[in-house]
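Hi,

Here is the structure I promised to pass on.

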Amino acid sequence: MVLRRRGGRGGNFGILLLLANLFHVGFDRIPPVTLATIGINSILFMKLLPDYNYRIPDLNEVCVSVKTVWYMQQWQRLIFGAFFHAHDMHLYYNMVSFLWKGIHLEKKYGSLHFLCMIASFTVITNILLVAISYELGHHTDKLHYFTDCAVGFSGVIFALKVVATYVSPPGTSYILNFIPISSRYACWAELLLIQILVPNSSFIGHLAGILVGLLYVKTPVGSILDSIFRLVAGGTGSGNRRYHHRFQSSGTTGYRTQTRSREQNYSQSHQRPEYYRQYPATNDDDGDSELQRAIQASLQEIDSQRSVATAPDLPGQNNIDSTYNPQPTQMPSEDNFDRVRQARLARFQQSR
């Protein structure tokens, strides 16, 4: 939004830049409501509508102010004021900014839902603009708050920017391509930066857009609007206004996923099978005890051979291997096998 000033519109260089951006993105990649909104703003600026006993109004007939809306009760300005721009570069910057937000949000919510968002944000933003200006004028006794007249789509764009940041994973934005700032606060930084670079811009109009976006994502107003939008859109689109669930752990945010450490993956992949478990010796007889110890030693020998062939070298490997690799003193000998055979023969004779 900019404050209306007397003077000409300037050239159409901004229109050429806008067309170049649209061709660069590709018309087939731009959703219909986003493309139609850009087209309507451009057509109204260039006054390309055919003359069927209808004249496209001038800026002073559509701009939004306390005087024209509240005192003169020209309520149509709450809608028309957002779709008119003061000059070609004003149109260009607004439409390029809206292009990327529109592509993202329309694909997420659906075309009808997004159309309802644009319509409601347009009216509510201008209502807040008038309300804030009215209160400031009464409390400061400065007349310009009643007479300053604003036009442009940037108030709606600020509201959409707030919504886009809250339905996306948290990240970092760069102001002027080199100043890092959290995406949650980027809109506030842009509010101040635009006012410094373009003093003629409507600070109150941009502020009203940010407040509308916060009302939508932070308060029950958003739930009420979503219910209305779903009724109008026939239940299409996404009703989730926020990034689904943000979990915080060790200073990071985003979707929470359960991951295993390298040591856990290694230990689980090298666990011995169920039949490698060490079973305690029974107290039935000495032959069973000898048999159990011999079988256990034999299985440990097989286990150690497999682990040497497959286990990777990792930090702490010695500690891990020592938990189940047998020592040389544990290896079965010929005497052990002789005792096993004798124990089996004794049990066989006893059973007869």
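Below is what turned up when I went through it.

Please keep in mind that this is a predicted model.

I began with helix α10, which runs over residues 203-218. Its 16 residues reach 22 Å from the first C-alpha to the last, close to the 22 Å expected at 1.5 Å a residue.

The C-alpha atoms of A119 and I79 lie 8.1 Å apart, although 40 residues separate the two along the chain.

Next, the salt bridges: there are two in the structure. In one, K161 pairs with E190, with 3.4 Å between the closest N and O atoms. This pair links helix α8, where K161 sits, to E190 in helix α9, 29 residues apart. K161 counts as buried at 13% relative accessibility, while E190 is partly exposed at 25%. The other joins D58 to K47, with the closest N and O atoms 3.3 Å apart. Both residues are in the loop between α2 (32-46) and α3 (66-71), 11 residues apart.

Finally, the surface: L176, F178, I179, I196, L197 and V198 make up a nonpolar patch with about 610 Å² of accessible area together. L176 lies in the loop between β3 (172-175) and β4 (179-182) and is partly exposed, at 47% relative accessible area.

Definitions and conventions: Residues are numbered from 1 along each chain as its sequence is written. This is a predicted model: local features need pLDDT of at least 70, side-chain atom pairs count only at pLDDT 80 or more; totals for chains, interfaces and linings use all residues. Side-chain values use heavy atoms; hydrogens and water are left out. Helices (H or I, at least four residues) and strands (E, at least two) are DSSP runs, numbered from the N terminus. The expected span of a helix is 1.5 Å times one less than its number of residues. Patches are made of residues with over 30% relative accessible area and no salt bridge: like charges are joined within 9 Å, nonpolar side chains (Val, Leu, Ile, Met, Phe, Trp, Tyr) within 5 Å. Accessible areas come from the Shrake-Rupley method with a 1.4 Å probe; for residues, only the protein chains shown count as cover. A salt bridge is a side-chain nitrogen of Lys or Arg within 4 Å of a carboxyl oxygen of Asp or Glu. Buried means under 20% relative accessible area, exposed over 50%, partly exposed in between (1.4 Å probe, protein chains only).
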